[in-house]
Amino acid sequence: MPNADSTKNKTYILAIESSCDDTAAAVLDNDKTLSNVVARQAVHEEYGGVVPELASRAHQQNIVPVVHQALKKAGITKEDLSAVAFTSGPGLMGSLLVGTSFAKSLAMGLDIPLIDVNHMQAHILAHFIDEEGYDKPQFPFLALTISGGHTQVVRVDSYFDMTILGQTLDDAVGEAFDKSAKILGLPYPGGPLIDKYAQSGNPKAFKFTKPKVDGLDFSFSGLKTAILYFYQKEVAADPDFVEKHRDDICASIQYTIINILMDKIKKAVKQTGIRQVAIGGGVSANSGIRKALKDAEAKYGWKTFVPKFEYTTDNAAMIGIVGYLKYKDENLQGSGYIETHAKAQSRLKF
Ligand code: KG4
Ligand code: ZN
């Protein structure tokens, strides 16, 4: 039930994302971002990972100011809103509950539609936010979703028709970055730091074995163990080993992880014949994977889609674009599915 705004070709969606440790709110005008506000929670740094209870409490503190800021930056008031979109999952239950309760109450108070959004689908559909200088993928395309909680190769046939072709059997790729960083004594989240130090290191200085996993699935827990054993052996021989070789270690870890991801994407392209490849999720901020993907355009003739930096790690604009696409077509509301390659009954309703 679009309000009067839609007759003026204006659809303002307020989007809320609180699935993990970032409290985020955004306002979209149709498919354009007017504001995209993220409050990152520094409280987890000293624990080496996200502490769920602390995350929920920080969301409780942040949600009202973050939403206020998003509306203010967008130059609208809550009465101008057409709908409220929110992340319904996957994520930490306590964290999701804060965003969900807030979104529900606001939509109910304003008497406007409430649209639930799947977080992983949003990482993919972030490519449909209208941005100058950024092309949108054409259907069908392949999406590699790489984050702190997921690693998936997805075939995307339309906005809401997605099939998971492969996924991690254990750790997510973001976890592989973060846990390797933790072994090296770096704070959480370690992914961006490994990326930073890798830029001045030699990627072939140390060799880590790549896992052998069938099909398009992934495994990263073996790599984490290999890095732990490598660290223990080298530090036993020289306590200053990490300080002396930090950049080379980071470059070698990053090189191995990127090779694992690129091998699977090459396989997926071969298997499906689809040569358009998009990446999404926090790890798509990594400079190495961004470069490897762009290099693949010239090398293999692919067309690749790398998100604008602000749409890589968790943000609410990506929730807003899904909200907008669902709002535009009432038939789509709640009708999206991800179908795993394993079993039809594991279909997840978005
Ligand atoms: O999508 P995201 O913000 O949250 C989840 O949905 O999980 O992804 C967070 C993950 C973390 O593991 C973080 O270390 C990783 O993305 N990450 C990176 C980089 N920036 C964020 N990993 C490698 N290189 C980066 N530049
Ligand atoms: Zn995410």
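The legends below describe close-up views of a predicted model.

**View 1. The shell of residues around ligand 1.**
Ligand 1 is surrounded by 18 residues. Gly148, Gly174, Gly191, Gly282 and Asn286 are the closest of them. By type, the shell divides into nine polar, six nonpolar and three charged residues. Two helices, α5 (173-183) and α6 (191-198), each supply at least two residues of this shell.

**View 2. Ligand 1 and the two domains.**
Domain 1 is made up of residues 4-128 + 311-334, and domain 2 covers residues 141-307. Ligand 1 lies between the two domains, because both give residues to the shell around ligand 1.

Helix α8 runs over residues 241-272 and has 32 residues. At 1.5 Å a residue, α8 should span 46 Å; the C-alpha atoms at its ends are 44 Å apart, so the two values agree. At Asp247, α8 bends by about 55°.

**View 3. Thr304 and its surroundings.**
Thr304 is in strand β10, which comprises residues 303-305. Thr304 counts as buried because it has 23 C-beta neighbours inside 10 Å, where the cut-off is 20 or more. Leaving aside neighbours within four places in sequence, the contacts of Thr304 are Val277, Leu293, Lys294, Ala296 and Glu297. Ala278 is 26 residues from Thr304 in sequence, while their C-alpha atoms are 5.6 Å apart in space.

Conventions: Residues are numbered from 1 along each chain as its sequence is written. Chains are lettered from A and ligands numbered from 1 in the order in which they are written. This is a predicted model: local features need pLDDT of at least 70, side-chain atom pairs count only at pLDDT 80 or more; totals for chains, interfaces and linings use all residues. A residue is near a molecule or strand if its C-beta atom, placed from the backbone, lies within 6 Å of it. Helices (H or I, at least four residues) and strands (E, at least two) are DSSP runs, numbered from the N terminus. Ala, Val, Leu, Ile, Met, Phe, Trp, Tyr, Cys and Pro count as nonpolar, Asp, Glu, Lys and Arg as charged, and the others, Gly among them, as polar. Domain bounds come from an automatic or database domain assignment. The expected span of a helix is 1.5 Å times one less than its number of residues. The bend at a residue is the angle between axes fitted to the seven residues ending there and the seven starting there. A residue is buried if 20 or more other C-beta atoms lie within 10 Å of its own, exposed if 12 or fewer, and partly exposed in between; C-beta atoms are placed from the backbone. Two residues are in contact if their C-beta atoms, placed from the backbone, lie within 7 Å.
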